[in-house]
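Colleague: Before I rely on the labels attached to this model, I would like to hear how each of them was reached. Please set the values against the definitions as we go.

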Amino acid sequence: MKNICFYFEIHQPLRLKRYRFFDIGQDHYYYDDFQAEERIRGMVEQSYLPANRTIAEMIRSSNGKFKCAFSISGVALEQLEQYAPEVIDSFQELAKTGSVEFLAEPYAHSLASLYNTDEFVEQVNLHADKIEQLFGKRPTAVHNSELIYSDEIGEVLQKMGYKTVLIEQVKDVLGWKSPNYVYHHPSNPKLKLLVRNNKLSDDIAFRFSNRAWADFPLTSEKFVSRIAEASDGEQIFNVWMGYEALGFYQHPESGIFEFLKAVPFHAIEHSIGFVLPSEATKKLEAVDSLSFTHPTSWAESKDISVWNGNDLQHEALSKLYAVSERVHLCNDKPLQHDWLLLQTTDNFRYMSHSDSFGTHYVSPYEAFTNYMNVLADFLDRVDAQYPTTIENEELNALLKTINNQEKEIAELEEEIKKLKSRKEKK
Amino acid sequence: MKALMFGWEFPPHILGGLGTASYGLTKGMSLQQDMEITFVIPKPHGDEDQSFLKIIGACNVPVVWKDNTWEHVNNRIGKIMHPDEYFWLRNGIKYDFTRIFTNDLGCIDFSGRYPDNLIEEISNYEAVASVLAHQLEFDVIHSHDWLTYPAGVFVKRITGKPLVIHVHATDFDRSRGKVNPTVYNIEKTGMDIADHIITVSNLTRKIVIEKYHQDPRKVTTVHNAVEPLEHVESFVKKPRKDKVVTFLGRITMQKGPEYFVEAAHRVLQRSKNVRFVMAGSGDMMDAMIDLAAKRGIADRFHFPGFQRGSEVHEMLAQSDVYIMPSVSEPFGISPLEAMQVGTPSIISYQSGCAEILTHVIKTDYWDIDAMADAVYSIVTNPSMYKSLRELGLEEVNNIKWYDAGLKVRDIYNLVTGMH
């Protein structure tokens with residue numbers, strides 16, 4: 001039996017405000033709240049709420065046969081909580097139907113997986129906690145920001161206990177292999193990989209209302225029949241996209257919601273089911289392993305160059321991640337929160353010369369300048385906590401002592417207990 | 001395709017950007033196989049590069065018939081023009097210009113500069129143009145800048161050949177709105193009569209359409225380009241303790257020098273290892289020295305004076321940042337020159353070259369905060385400097401006069417109906 005796996009991603013960066021170098025040391029608030037509110041409200045009205053209503057209706061009318069997964073970045077969740085709590089309520093309603101799964105991802109939608117594994121692990125945990133707290137279920141499936149994935153990242157996630165990872169269909173890696181199967185990690189076969197079907201996903205996300213496109217108009221019938229016509233062995237068709245595709249990029253007038261609503265009917269007609277990522281990897285056997293020696297992503301270039309491909313991005317990222325340990329050490333809550341927000345991938349994508357998708361800056365240089373000014377202030381604050389005069393190694397040594405203290409105490413106590421009991425026996 | 005061009009300057013003896021642009025454009029166009037260019041300037045010095053076009057000096061063209069021997073002519077102007085050509089051109093005198101003061105050869109002495117009697121010189125240039133109109137063979141007339149519009153117009157009236165005028169600047173740029181009516185009149189007449197108008201930027205195009213009331217359909221932008229710099233490797237930046245931020249150009253209202261001083265003041269409030277240089281001269285220089293002193297930054301603010309020839313490139317190459325905060329700049333070639341020697345540039349949106357450059361920082365000329373921020377960013381973040389330097393160099397090396405020449409050729413084809 002064939003299955004469609006729908007997954008929608010919600011992420012909105014908290015954009016930085018105009019921050020000049022003479023603000024460094026004077027102003028420690030970095031965000032453009034007005035813009036954030038306006039943007040998130042726009043998304044909510046045009047996309048999230050109508051789309052949630054549509055999905056709720058689809059679940060109802062298909063008697064729970066329709067299923068789909070969501071991932072909402074921690075940064076986006078915070079903005080929703082602040083500016084559009086009704087969306088959180090609406091997702092909680094969806095969660096109650098049992099036909100919806102929420103995935104884990106790095107809280108800040110960051111590139112931590114590429115720069116600092118500890119930070120990455122911490123952020124995924126932080127996000128999983130948040131999801132559990134909001135929607136009552138701890139995620140077992142995970143995806144990295146922008147579907148960035150490599151064998152190394154897979155291994156980290158597997159060690160964390162995740163069984164399912166969502167990845168991009170990258171031609172260089174898959175070759176002739178079809179995305180419509182379950183795969184596994186080369187050395188950790190327990191870790192299952194689901195591959196996005198680019199064609200089917202982008203047909204909806206990018207091409208749906210494009211009149212110049214040969215397949216226009218895309219009807220639900222046409223969409224489902226493509227899946228029905230696929231060879232029998234193919235098990236799972238992963239249709240994944242940013243949630244904004246529904247209603248924001250593809251306007252309601254294009255018929256996107258009606259299209260979606262009709263999909264379950266046609267699917268049932270062709271006896272095609274719907275499946276959630278975590279179910280899919282339980283239900284379906286992995287056919288082969290996939291090995292990613294270099295990190296890949298769902299950006300158009302399929303690699304990570306749009307975030308760390310040029311000198312500006314290298315400098316910004318290396319200066320940012322140079323202080324990870326120090327930030328972890330401190331207990332300053334606002335500082336730690338800024339630390340997360342400054343890691344959001346979008347900050348770096350705005351610095352790309354080739355593809356600065358979604359930017360509000362006039363040039364990558366302006367994006368970089370603004371970010372570095374903010375970062376300079378942030379680094380000053382980190383410095384105030386742990387002066388740079390202390391070498392990293394020294395700090396590490398101190399860190400280790402502190403971190404190991406508890407462990408050591410526990411071990412020693414254990415030993416005392418043992419000795420005591422031995423003594424008593426005697 | 002034969003073009004008769006009227007210009008005012010031609011390298012190596014140039015006074016402003018017009019000469020550089022004339023040279024670059026004609027050189028770029030000469031790469032087209034069937035392109036023949038005759039370039040008229042008021043006063044050649046004889047050392048102009050004529051390998052790719054023919055230069056005629058207006059000061060050697062007779063406008064009043066005088067009887068002279070071949071030897072006499074050879075003695076007088078033989079170095080610059082062949083006597084046969086003189087006699088041949090003399091046959092083109094069809095009108096009575098005896099009202100104009102001429103020398104023994106019947107020629108007019110042009111200064112070739114921008115003298116006080118500029119208007120008179122412009123009209124004398126017209127007289128020369130009439131002689132050329134009768135003798136030379138050409139398909140299209142091309143006039144560079146307002147000084148030569150009357151000449152072009154006159155040739156068009158005589159021959160009926162299509163006239164293209166090339167607007168390198170308008171009086172609105174030079175005067176910040178307070179135009180000289182005489183100049184405006186000359187400009188407007190030229191534009192009205194021209195078959196097509198070429199502007200060096202969309203900014204200028206907009207001025208031509210809005211202030212000179214021209215039909216947008218006959219105004220086309222052809223952005224300037226830049227000649228590859230010879231011996232570029234000889235410009236090596238010397239290591240310095242302090243970063244150097246440079247303003248280079250006429251210190252006049254049009255160039256926005258006061259914004260540079262204010263931006264410098266902002267930067268110096270925070271970082272001390274930066275020096276600011278205002279090279280050039282002009283009527284606002286004293287005011288700028290005063291302003292720098294008033295802001296208390298005179299110890300970090302320097303006025304080395306007017307720079308000549310290779311000093312310009314040397315100064316740009318030794319800088320860490322080049323700033324051009326022009327209030328109104330039709331094109332502005334100097335940021336491209338800075339990029340050629342690997343110096344990051346900050347330019348105003350009100351500069352025409354901003355339309356074609358990506359790897360520069362653009363701000364509004366009045367936005368001293370943005371300008372200061374950009375300076376700070378370039379001098380503090382190595383990757384900012386490196387990116388602008390490397391990508392800027394790559395970018396500027398791809399801005400070629402050949403491509404600009406092709407666009408001009410399209411316009412020639414259009415107005416002549418030749419393909």
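Modeller: Two strands pair if DSSP finds at least two bridges between them, and strands (E, at least two residues) and helices (H or I, at least four) are DSSP runs numbered from the N terminus. This is a predicted model, in which local features need pLDDT of at least 70 and side-chain atom pairs count only at pLDDT 80 or more, while totals for chains, interfaces and linings use all residues. Residues are numbered from 1 along each chain as its sequence is written, chains are lettered from A and ligands numbered from 1 in the order in which they are written, and side-chain values use heavy atoms, without hydrogens and water.

Colleague: What makes strand E5 and strand E7 of chain A a pair?

Modeller: Strand E5 (residues 164-167) and strand E7 (residues 192-195) of chain A share 4 bridges in the parallel sense, and pairing asks for at least two. Among the partners, A:Ile167 is bridged to A:Val195 in E7(A).

Colleague: Why is B:Cys107 called buried, and B:Tyr402 partly exposed?

Modeller: Buried means under 20% relative accessible area, exposed over 50%, and partly exposed in between (1.4 Å probe, protein chains only). B:Cys107 has 0% relative accessibility and therefore counts as buried, while B:Tyr402, at 35%, counts as partly exposed. B:Tyr402 lies in helix H15 (residues 401-416) of chain B.
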